Each structure stands twice: as structure tokens, then as C-alpha cells.
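Visitor: I would like a close look at a single part of this protein. Please take me through it slowly, and then show me what else is worth a look.

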Amino acid sequence: MKALSLATTKLKPSSTVAVSARAMELKRAGVDIISMSVGEPDFDTPEHIKEAAREALKLGKTKYTPSLGMPELREAICAKFKRENNLEYAINQIQVTSGGKQALYNACFALINPGDEVIIPAPFWVTYPEQVQMFGGVPVFVDTKAEDGYQLDLSALEAAITPRSTMIILNSPSNPSGVVYSDQTIEGIMELAEKHDLWVMSDEMYEHITYTGGLPVSAAKFNPERVITINGASKAYSMTGWRIGFAAAPAHVIKAMDAIQGQTTSSANSIAQWASIAALNDSYSYIEQARAAFLERRNAIVAGLNSVGCPTPTPDGAFYVLADTSRIHSDENEAARIILEQAKVAVVPGTDFRAFGKVRLSYACSLEQIAEAVRRIGAVGA
Ligand SMILES: Cc1ncc(COP(=O)(O)O)c(C=O)c1O
């Protein structure tokens with residue numbers, strides 16, 4: 001029998017899979033598990049978005065769309081960039097994809113050659129190094145520290161740049177650390193990109209979930225010619241299952257990404273594209289409500305975990321915290337296993353995020369669940 005492809009055998013399955021599988025097994029056995037491992041808002045998709053989907057179905061909008069995405073949606077995305085990020089894009093600089101993950105994949109496919117180095121600040125979202133490696137790229141990690149609130153040190157970033165560097169991947173607000181880079185940091189990164197002729201892939205998926213007041217500056221603001229901005233409907237409008245993401249980039253990059261998409265998925269789902277127009281054009285009341293709820297939950301989980309001997313910095317964005325679980329076990333995988341088995345709380349070990357000694361908890365759940373999870377974690381080993 002022929003073996004599986006080399007590319008497949010190198011690919012790591014998602015680190016949440018093992019925890020989720022065990023948590024599911026326990027749930028099926030009737031155990032009351034609090035799930036803090038998921039990466040999605042717990043709110044339902046807002047009604048006006050669902051209504052737009054129902055309307056699109058009624059009108060029979062069920063056929064292939066242009067592979068770049070429906071022009072009506074790309075126009076709504078251009079308007080979003082103008083309104084929220086003060087960026088001018090034409091619709092040939094926008095690609096609609098099946099989730100933000102596919103936008104990242106298309107961009108990596110379009111821009112990475114074998115041997116190219118891609119700089120990724122750590123802790124990072126696990127998909128980045130995997131996608132870089134799919135195209136023969138070499139991930140180069142720049143570590144950041146909990147005691148600095150996971151802020152990126154520009155001199156450490158510059159020290160990681162070599163003649164083989166081709167791209168920096170930014171994710172602010174970050175999954176898993178929740179760090180939001182300051183405008184000055186983003187500007188400094190863009191200066192380095194200019195100096196060393198690098199692409200910047202800026203994953204801004206969590207831009208609306210920030211607690212510092214206003215949206216963080218978009219990297220493209222400093223030089224749109226070097227930046228591929230990744231964003232989407234999943235986290236901002238509680239639409240993870242609809243699978244709509246998008247990329248904004250120079251037209252020649254989008255053209256290459258279009259060729260890739262045209263030969264893989266053809267286009268994103270037509271009904272979800274219509275729903276996303278409604279999301280983008282009328283989003284503020286929902287976003288404000290969600291942000292206020294996440295802020296209250298963040299405050300509760302950070303205070304709670306710190307009070308039970310799991311030091312946890314206060315993140316400025318997204319809906320995750322990284323908690324130091326060395327009180328429970330020095331190895332984060334063991335700590336996550338103990339927390340699941342004894343506290344019946346599902347968390348993700350930091351190993352694959354390069355957050356050693358930490359576990360990631362998602363606070364996209366109720367305040368009651370947060371309080372109960374903290375109580376149970378506090379009781380472990382007490
Ligand atoms: C940082 C980050 N970027 C991108 C994505 C992908 O989003 P989507 O579900 O739209 O593919 C996620 C999802 O967890 C994420 O955490």
C-alpha cells in the first residue's frame with residue numbers, strides 16, 4: 001500500500017482535538033463539563049443576519065458566485081474598511097473566502113516559497129506555523145513574555161530577520177494571549193517590513209473585541225502595499241459556522257489568491273455571503289453588546305484565576321486568557337489533563353501555542369460558568 005503524502009504526515013492536528021474528544025467522552029458519560037476550550041462566541045447569530053439568509057434562500061440565490069466573492073459583498077467589505085479602518089480598497093483588492101482560515105491559506109499559498117522564513121510572534125494561533133509549513137516555509141518564532149503582557153519587542157523582532165525572511169504574521173488582538181499591539185508597535189513593525197522588504201500578514205479577526213476603547217490601528221494604514229489583512233464574520237458577528245472570511249491586499253496578490261481559490265473551493269457559500277452583507281452593513285448594536293459582555297467576563301475570569309493561584313495577565317482583546325498553571329503541574333499538558341479530570345473544566349494546554357506552563361481558557365461562556373470553573377480549578381490540589 002502506498003504511504004500518505006509527506007505533506008500530510010507533517011501536518012499536526014489541532015491541539016484542541018485531544019481535549020475536546022476527552023471532554024466529549026466525559027459529557028456523553030453524563031459528567032457536567034464546563035467547556036472553556038472553544039474558540040467561538042457563545043451568542044447566537046443576530047436575527048437580522050439570519051433573516052437576510054432566509055430572504056436569499058427565498059429568492060433562490062443558491063448558485064455559484066464569482067470566485068472572489070459577490071461584488072455586493074466585496075463593496076460592503078470596502079465600505080467597512082473605509083468606515084472602520086480608514087482604508088481605501090477597490091473591490092479587486094478584496095477576496096471573500098470560506099472562513100478567515102482559508103484567506104490565510106490562500107495568502108500563504110500565494111506568497112511563500114520553499115525555504116522562506118516567516119516570522120511569527122509567540123504565543124501564536126496554532127494554524128500559522130502549520131500553514132507556513134504546508135508550502136515549505138520555515139516558521140521563525142519571536143517569544144514574548146507574560147510579564148510584558150505579551151507585547152512584542154521590536155529589537156527581538158528585527159534580530160529574527162534574515163535574508164531568507166519573507167513575511168511577518170501579526171495577530172492583534174491575539175489568540176491565545178489577547179495582546180493588542182499599540183499603534184507605535186504596529187508602526188515600528190511596518191518600518192521593519194519596509195527596511196527588510198517583507199510582507200506583513202495582519203490577522204485582525206478579533207479587532208472588534210477590544211477593551212481599550214476604539215478599534216486598534218490596522219497595519220495596512222501604514223503601508224497597504226505590503227500588507228495582507230485577514231478578517232471575517234466569524235468572531236465579530238458570532239458567525240463561526242457560516243464560514244465567511246475575507247482578505248484585503250494589493251490587486252496582484254488578490255489575483256493570485258483568486259486563481260488558488262478558483263481551483264480549490266470555487267467560492268464561499270452564496271447564502272452566507274448574502275447574510276454577511278447584512279452583518280457588515282448593520283453591525284454596531286450587536287458588536288457593542290458582545291464587547292460589553294466579554295469585558296465583564298474577562299474581568300471576572302482574570303480576577304478569579306489570580307485569586308486561586310493561577311497567575312493570569314489582563315488581556316486587552318479577544319476572549320481568551322493564558323493562565324499559569326504551574327501550581328497544578330509544571331507540564332501544561334498534565335495540568336490541562338488534571339483540570340479536565342478533576343475540575344471537569346475543558347481548557348487547552350499552551351504547548352502548541354508556544355505558551356509553556358500555561359493553559360488557554362476561553363471566556364465565551366456565562367458569568368455563572370466562569371465563577372463555577374474558577375471555583376473548581378481553585379479546589380484542584382487545594
Ligand atoms: C486568530 C484567528 N484567526 C483566524 C481564525 C479563523 O477564523 P474562521 O473561523 O473564520 O476561519 C481564528 C479562529 O479561531 C483565529 O483565532
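Which residues does Q151 touch, not counting residues up to four places away in sequence?

Guide: Keep in mind that this is a predicted model. Q151 touches T144, V179, V180, Y181, S182 and T185, leaving aside residues up to four places away in sequence. Now place Q151 in the fold. Q151 sits in the loop between β4 (138-143) and α7 (154-159).

Along the sequence, Q151 and V180 are 29 residues apart. In space, their C-alpha atoms are 7.8 Å apart. There is a polar contact here too. A polar atom of the Q151 side chain lies 3.0 Å from the backbone oxygen of V180.

Stay with loops for a moment. P176 lies in the loop between β5 (165-171) and α8 (183-195). The peptide bond leading from N175 to P176 is cis, with omega near 25 degrees.

N175 leads us to the ligand. A polar side-chain atom of N175 is 2.8 Å from an oxygen atom of the ligand. Y206 also brings a polar side-chain atom to 2.8 Å from a ligand oxygen. G100 uses its backbone instead: a polar backbone atom of G100 is 2.7 Å from an oxygen atom of the ligand. On its own, the ligand has 400 Å² of accessible area, and the protein covers 92% of that. There are 13 residues around the ligand. Those that come nearest are G100, D203, Y206, S234 and K235.

Next, look at backbone angles. R243 is not a glycine, yet its phi is positive, at about 60 degrees. R243 lies in the loop between β7 (227-232) and β8 (245-248). R243 counts as partly exposed because its relative accessibility is 34%. K344 is another residue other than glycine with a positive phi, near 60 degrees. Find K344 in the loop between α12 and β10 (345-346). Its relative accessibility is 27%, so K344 counts as partly exposed.

Helix α12 covers residues 332-343, and E332 is in it. E332 is buried, yet has no salt bridge. Which side chain of opposite charge is nearest to E332? That is K358, and it is 8.2 Å away. E332 still has neighbours. Apart from residues up to four places away in sequence, it touches P349, G350, T351, A355, F356, G357, K358 and V359.

Other charged residues do pair up. Side chains of opposite charge can pair when their charged atoms come close. The whole structure holds 21 salt bridges.

Start with R22 and E25. Their closest N and O atoms are 2.6 Å apart. Both residues are in helix α2 (residues 16-28), 3 residues apart, so about one helical turn separates them. R22 is partly exposed at 29% relative accessibility. E25 is partly exposed too, with a relative accessible area of 43%.

K58 and E55 form another salt bridge, at 3.6 Å from N to O. They lie in helix α3 (residues 47-58), 3 residues apart, so about one helical turn separates this pair. K58 counts as exposed, at 65% relative accessibility. E55 counts as partly exposed, at 34%.

Then comes a bridge between loops. R226 and D197 form a salt bridge, with their closest N and O atoms 3.1 Å apart. R226 lies in the loop between β6 (199-203) and β7, and D197 in the loop between α8 and β6, so the pair ties together parts that are 29 residues apart in sequence. D197 is exposed, with 55%.

Finish with a network. Salt bridges link D32, E372, R375 and R376.

Definitions and conventions: Residues are numbered from 1 along each chain as its sequence is written. This is a predicted model: local features need pLDDT of at least 70, side-chain atom pairs count only at pLDDT 80 or more; totals for chains, interfaces and linings use all residues. Side-chain values use heavy atoms; hydrogens and water are left out. Helices (H or I, at least four residues) and strands (E, at least two) are DSSP runs, numbered from the N terminus. Buried means under 20% relative accessible area, exposed over 50%, partly exposed in between (1.4 Å probe, protein chains only). Lys and Arg count as positive and Asp and Glu as negative; His and the chain ends are not counted. A salt bridge is a side-chain nitrogen of Lys or Arg within 4 Å of a carboxyl oxygen of Asp or Glu. Contact means heavy atoms within 4.5 Å. A residue is near a molecule or strand if one of its heavy atoms lies within 4 Å of it. A polar contact is a pair of N or O atoms within 3.5 Å; within protein, one must be able to donate a hydrogen and the other to accept it, and residues adjacent in sequence count only if both atoms are side-chain atoms. Accessible areas come from the Shrake-Rupley method with a 1.4 Å probe; for residues, only the protein chains shown count as cover.
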